[in-house]
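Here is a short briefing on one structure. Look at the sequence and the model, then read the points below.

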Protein chains: 2
Amino acid sequence: MPSFATEPAHTPTPSELLAASRPDEWRRPDPRNLLQMELPGGRVLIELAPDYAPLHAANLRTLAHEHYFDGLSINRVQDNFVTQWDDPATDADPVDTRHLKPLGSAKASLPPEFTRAIDPQRPWTPLPDGDVYAPQVGFDQGFPAAHDPASGQTWLAHCYGMVGVARDIDPQSGNGSALYAVIGQAPRGLDRNLAVVGRVIEGMELLSGLPRGPAPMGFYTRPEQRVPIRSLRLAADLPESERAHVEVLRTDSATFAALVEARRNRRDAFYRVPAGKVDLCAIAIPSRTARP
Amino acid sequence: MPSFATEPAHTPTPSELLAASRPDEWRRPDPRNLLQMELPGGRVLIELAPDYAPLHAANLRTLAHEHYFDGLSINRVQDNFVTQWDDPATDADPVDTRHLKPLGSAKASLPPEFTRAIDPQRPWTPLPDGDVYAPQVGFDQGFPAAHDPASGQTWLAHCYGMVGVARDIDPQSGNGSALYAVIGQAPRGLDRNLAVVGRVIEGMELLSGLPRGPAPMGFYTRPEQRVPIRSLRLAADLPESERAHVEVLRTDSATFAALVEARRNRRDAFYRVPAGKVDLCAIAIPSRTARP
């Protein structure tokens, strides 16, 4: 068993690797793919992945454009699973449809965009260590994803911080008016069963660090437990002065590759045994504040 | 790709499986292996795993017996990583040793119990789907663990809810006076590098649902952010009337096997594609309140 005494003295820390990164290794999310959600505790930024769920992303843009989420709330925090925000009137069972907030111009039903065809022209950053759930895993332009060459399909993986569209039993019942973020061990069993629309790139702790709801599935039981959404906007709909300025490390960059390798084999004085492997969902994708 | 239309109509839910379980499929943790930590929000129960870290478990019993943790606090909550509780005086850098709470009869240094020899006589419930990090994974009497037949070693896995002993760079510097619980994606790179001493079997949401600390590594920056520990006791040290009454589903039971299989292949109206696989750390081990 290797020990640190026989290994190179030092693996660069993430901070050191990021400090040495080049400016062109970072990208700014397209404002048409950037959602800004204002909570009492601060701002959550979500980057949409329209290449995987184009109709869901388009519906979300419509909902944001028409201020659908403003005044709605986080109504469900289920430990080791998801934080979900939507119209609290949907919590009632049966739902009293008279009190639901109208969807406006957004569609009420969408085709199930749970997987898509692999595009061999698209950049793909594979991981070398395998995966319990899928034949191949890696990163597609900033998002953790799986490939199944046999079926020719690819899908986004339910890793920590990924955002999906809640739905009812009917696979076409999701429309983006109810969203969840993964806050625990990756629930990869959801992969291919729900539309994953994006990833939280800033403010994740505002979704994960909430009290868990006491009712089944983590629903809050009293209105005052809910976390109100002050606003949820598409950055492209905001004046330049109100847009978030953020950049994300490119997952096809040399610095990202070095981060992955440092995570696989961390050799420093603390670690006696480098793991030698890394799971798709155990890799953090760095983001940082950008200049306006 | 299978769809629910071609699969059996229904996979039993966890509730249904547990409702049909037999009484002898449940076990009560030995009071000498059960820690009861009282926080302002409620009680956290931790089952110790003395077979993996006997000296650490013994030291923890001593610390609890002498009320070491009473009045200390949760001082660090790092998003997607760990919640840690210890003496807040250790947060200072450099630590002012004059203000540290004395360890009493407990040892200040322990051998690194990070792995142990596989005991072929010991019951072992293997999982069938492989693992990114270890040659074999499964459950050993209630704890998620890994086996490496080549080295003959086994170790507890850093899954959600597992409790480990924090240490400094010196592998012998851990003694149990600083403990952490995993609150995010399993940081399996820690496996074999730290002593894992147990698992949270009740009250996990009191550790995971806390605000993340704003300083590096999730440290709180103001004393009032810390979560005070009212008491941490070994159940065996408490009068019968104050002991927690809890039981845990045996991981070598038929009901547990059925739960694992339901997690691997969930076939019901909601799921279009059963995962077909399950990761070690994606399996919940049920516990429930027992009669006194």
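A residue is called buried if its relative accessible area is under 20%, exposed if it is over 50%, and partly exposed in between (1.4 Å probe, protein chains only). By this rule C281(A) is buried, because its relative accessible area is 6%. The model is predicted: local features need pLDDT of at least 70, side-chain atom pairs count only at pLDDT 80 or more, and totals for chains, interfaces and linings use all residues. Residues are numbered from 1 along each chain as its sequence is written, chains are lettered from A and ligands numbered from 1 in the order in which they are written, and side-chain values use heavy atoms, with hydrogens and water left out.

**Disulfides**

- A disulfide is a covalent bond between the sulfur atoms of two cysteines.
- Here a disulfide is counted when a pair of cysteine sulfur atoms lies within 2.5 Å, and the count over all chains is two.
- In chain A, C159(A) is joined to C281(A), with an S to S distance of 2.0 Å.
- This pair links distant parts of the chain, 122 residues apart: C159(A) is in the loop between β10 and β11 (162–165) of chain A, and C281(A) is in the loop between α4 (254–264) and β17 (287–289) of chain A.
- Helices (H or I, at least four residues) and strands (E, at least two) are DSSP runs, numbered from the N terminus.
- The link of C159(A) and C281(A) is left-handed, with -65° about the S-S bond.
- C159(A) counts as buried because its relative accessibility is 3%.
- In chain B, the sulfur atoms of C159(B) and C281(B) are 2.0 Å apart and form a disulfide.
- The torsion about the S-S bond of C159(B) and C281(B) is about -65°, so this disulfide is left-handed.
- Both C159(B) and C281(B) are buried.

**A sheet in chain A**

- Strands of a sheet pair through backbone hydrogen bonds, either parallel or antiparallel.
- Two strands are taken to pair if DSSP finds at least two bridges between them.
- Five strands of chain A form an open sheet in the order β6-β10-β9-β8-β7, with antiparallel pairing.
- Its edge strands are β6 (116–117) and β7 (125–126) of chain A, each of which pairs on one side only.
- Strand β9 (residues 143–148) and strand β10 (residues 153–156) of chain A run antiparallel and are joined by four bridges.
- In β10(A), T154(A) is the residue that stands opposite H147(A).

**Around S73(A)**

- S73(A) lies in strand β4 (residues 73–77) of chain A.
- S73(A) is buried, because its relative accessible area is 6%.
- The side chains of S73(A) and N75(A) make a polar contact at 2.6 Å.
- A polar contact is a pair of N or O atoms within 3.5 Å; within protein, one must be able to donate a hydrogen and the other to accept it, and residues adjacent in sequence count only if both atoms are side-chain atoms.
- Not counting residues up to four places away in sequence, S73(A) touches several residues, including W85(A), D86(A) and R226(A).

**How the two chains meet**

- Contact means heavy atoms within 4.5 Å, and 45 residues of chain A are in contact with 44 residues of chain B.
- Of the interface residues of chain A, 98% are also interface residues in chain B, so the copies meet through the same surface.
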